[in-house]
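The entries follow the order in which I looked things up.

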Amino acid sequence: MDLNALLHAFTPSLTSVAMLLAFFTYLAIAGSILPGRIVPGVTLSDSTRLHYRCNGLLLLILLVSLLGIGGWMDLVSPTAIADRGLELLSTTLIFSLFVTLLLYMAGCRSRSQSSSFKPHFTGNLIHDWWFGIQLNPQFMGIDLKFYFVRAGMMGWLLINLSVLAKCIQETDLSRSMILYQIFCVLYILDYFFYEEYMTSTWDIIAERLGFMLVFGDLVWIPFTFSIQGWWLLKNEVELTTAAVIANCLVFLIGYLVFRGANKQKHDFKKNPKALIWGRPPKVVGGKLLASGYWGIARHSNYLGDLLLALSFSLPCGISSPVPYFYPIYLFILLIWRERRDEARCAQKYKKIWAEYTKLVPWRILPYVY
């Protein structure tokens with residue numbers, strides 16, 4: 001592809017803008033009216049709690065069903081996203097920059113003293129723009145942080161399904177593509193089945209909403225997590241039966257660690273006396289869980305996340321590093337985030353954290369400092 005063709009492919013069109021707006025409008029309206037469990041978030045520093053309508057799974061199933069019916073009736077093209085991948089990428093990036101600017105301006109004008117809306121300034125414009133200045137900004141009653149991460153996860157699935165449709169239309173469906181698609185579908189459906197667990201994650205309870213999270217949710221998650229699918233669309237990979245079995249084992253182990261660790265943490269926050277692996281939990285200082293996966297290694301959920309990311313790339317074989325961009329990036333990100341988490345926890349819990357780290361010395365990977 002020459003430079004002019006590449007620039008044309010990246011240039012937003014009215015169609016890509018309309019597709020993006022239709023997607024965000026659907027999520028805002030349907031997400032507000034569809035039934036769902038109302039889940040209280042964690043208690044904030046001012047003793048308030050946000051409440052989240054966890055209807056993401058129903059929202060996703062309805063959206064895919066509507067698009068499927070639209071495709072069957074020739075109202076929409078199943079390959080529309082795959083056909084306009086690059087221009088949708090640039091359109092979403094521009095939208096993210098615009099939203100971040102509005103968030104910063106709204107935060108600067110806020111005079112609220114609540115934990116959710118109180119602006120936090122460091123005096124460094126770039127830092128405040130990147131990390132955000134408000135914890136839980138809202139628009140028309142919609143919690144934007146929860147909304148954006150939901151949009152990113154659903155966008156990832158929609159891209160994958162469109163790539164799958166294009167693969168069926170243009171080439172033979174390989175074992176590799178089938179395996180990649182199955183793993184991603186299971187992971188995304190699981191995310192929305194356990195959507196309430198998101199309400200107790202660090203991103204929701206501690207990170208302010210700035211460019212880092214907006215870009216990460218709307219651009220990075222859907223467009224980089226789907227690189228393997230795009231790569232398999234253009235490259236043929238034949239997996240042996242042994243390779244398929246090994247890949248399934250990596251996915252299964254990763255899922256058990258990832259989901260198990262996150263479930264234990266969420267259950268502990270809701271009920272500190274909840275059994276862990278059938279036994280009463282070991283708790284340090286009355287605050288820190290040191291049982292189950294959290295008694296094996298600190299941030300053990302990151303290990304599960306890394307194994308899952310690897311399982312998404314293994315169907316692509318080892319002929320190119322391109323499909324391994326996601327697990328490589330995630331490894332770097334989680335190491336950086338783990339360092340930030342450690343520093344914050346040490347500052348927050350002080351002596352309790354020192355006691356916990358002595359009891360659980362391993363970080364992410366057991367038996368590795």
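The entries below go from the whole chain to single residues.

**Basis.** I worked on a predicted model, in which local features need pLDDT of at least 70, side-chain atom pairs count only at pLDDT 80 or more, and totals for chains, interfaces and linings use all residues. Residues are numbered from 1 along each chain as its sequence is written, and side-chain values use heavy atoms, with hydrogens and water left out.

**Overall form.** I counted 16 helices and six strands in the protein chain; helices (H or I, at least four residues) and strands (E, at least two) are DSSP runs, numbered from the N terminus. The radius of gyration is 21 Å, close to the 21 Å that the globule rule gives for 369 residues, so the chain is as compact as a globular protein of that length. That radius is taken over C-alpha atoms, and the globule rule is 2.2 Å times the number of residues to the power 0.38. I noted spans of about 60 × 55 × 40 Å for the C-alpha trace along its principal axes.

Of the 369 residues, 49% are buried; buried means under 20% relative accessible area, exposed over 50%, and partly exposed in between (1.4 Å probe, protein chains only). Taking a contact as heavy atoms within 4.5 Å, I looked at contacts between residues at least 6 apart in sequence and found that 76% join residues at least 24 apart.

**Salt bridges.** I took a salt bridge as a side-chain nitrogen of Lys or Arg within 4 Å of a carboxyl oxygen of Asp or Glu. The count by this rule is 14. In one of them, Asp190 pairs with Arg259, with the closest N and O atoms 2.6 Å apart. This pair links distant parts of the chain, since Asp190 is in helix H8 (residues 175–193) and Arg259 in helix H12 (residues 241–270), 69 residues apart. Both Asp190 and Arg259 are buried.

I next looked up Asp203 and Arg337, whose side chains meet in a salt bridge (3.1 Å, N to O). Asp203 lies in helix H9 (residues 202–205) and Arg337 in helix H15 (residues 325–349), so the pair ties together parts 134 residues apart in sequence. Asp203 and Arg337 are buried.

Within helix H12, Asp267 and Lys263 lie four residues apart, about one turn of the helix. An α-helix has 3.6 residues a turn, so residues three or four places apart point the same way. Asp267 forms a salt bridge with Lys263, the closest N and O atoms being 2.8 Å apart. Asp267 counts as partly exposed because its relative accessibility is 23%; Lys263 counts as partly exposed at 34%. I also recorded a network of salt bridges that links Arg37, Glu196 and Lys270.

**Helix H15.** This helix has 25 residues and reaches 35 Å from its first C-alpha to its last, close to the 36 Å expected at 1.5 Å a residue; the expected span is 1.5 Å times one less than the number of residues. Its buried residues include Arg337, Glu338, Arg340, Asp341 and Glu342. Lys350 follows H15 and has a positive phi, near 50°.

**Surface.** The protein chain exposes about 18900 Å², of which carbon and sulfur atoms supply 68%; accessible areas come from the Shrake-Rupley method with a 1.4 Å probe, and for residues only the protein chains shown count as cover. Ile69 is in helix H3 (residues 56–72) and counts as partly exposed at 46% relative accessibility.
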